[in-house]
Amino acid sequence: MNKIRRHDEIVVIAGKDRGKRGKVTQVRSDGRLIVEGVNMVKRHQRANPGRNQPGEIIEREAPIQISNVAIWNTETEKGDRVGFVFDAEGNKQRIFKSNRKPVDV
């Protein structure tokens with residue numbers, strides 16, 4: 001079970017976009033994430049005359065290392081670490097380390 005999942009709100013804790021927040025749109029198997037509005041890069045798109053598509057410069061999100069982000073805790077208004085506990089039924093559950101509240105509510 002991953003500590004950060006798709007649709008989690010995260011905050012960047014290292015790098016050029018430090019302090020920015022966004023939602024995770026994709027979790028990749030190589031330990032990187034795609035986060036909306038974070039780590040934006042410009043990509044030069046070649047024209048394709050067959051599809052009648054002009055050349056252009058596209059701005060899109062690039063992957064960011066999972067170690068450079070922290071999950072956003074709305075209660076404390078800060079980035080937080082994630083831990084795991086088992087509930088009464090024996091199901092594994094994610095919790096915030098700072099206040100021991102469940103992440104998935």
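Colleague: Is arginine 94 buried or exposed in this predicted model?

Modeller: One reads this from the relative accessible area, and a residue counts as buried when that value is under 20%. Arginine 94 has a relative accessible area of 1%, and it is therefore buried.

Colleague: Where in the chain does arginine 94 have its place?

Modeller: Arginine 94 belongs to strand β10, which covers residues 92–96.

Colleague: Which side chain does arginine 94 join in a polar contact?

Modeller: A polar contact is a pair of N or O atoms within 3.5 Å. Here the side chain of arginine 94 is joined to that of aspartate 104 by such a contact, at 2.7 Å.

Colleague: How many helices and strands does the protein have?

Modeller: There are ten strands and zero helices. The pattern along the sequence accordingly reads β-β-β-β-β-β-β-β-β-β.

Colleague: What is the radius of gyration of the protein, and how does one read the value?

Modeller: One sets the value beside that of a compact globule with 105 residues, which would be near 13 Å; the protein has 18 Å.

Colleague: What share of the residues counts as buried?

Modeller: Of the 105 residues, 27% are in the buried class. As for the surface, the accessible area of the protein is about 7,400 Å², and carbon and sulfur atoms hold 45% of that.

Colleague: How far apart are the mean positions of the positive and negative charges?

Modeller: The protein has 22 positive and 14 negative charges, and their mean positions lie 6 Å apart.

Key: Residues numbered from 1 in each chain as written. Predicted model: local features only at pLDDT ≥ 70, side-chain atom pairs only at ≥ 80, totals over all residues. Heavy atoms only, no water. Helix = DSSP H or I, 4+ residues; strand = E, 2+ residues; numbered from the N terminus. Buried < 20%, exposed > 50% of the residue type's maximum accessible area, 1.4 Å probe, protein only. Polar contact = N/O pair within 3.5 Å; in protein donor to acceptor, adjacent residues only side chain to side chain. Rg over C-alpha atoms; globule rule 2.2 N^0.38 Å. Areas by Shrake-Rupley, 256 points an atom, 1.4 Å probe, with all protein chains shown as cover. Lys, Arg positive; Asp, Glu negative; His and termini not counted. Charge placed at Lys NZ, Arg CZ, Asp CG, Glu CD.
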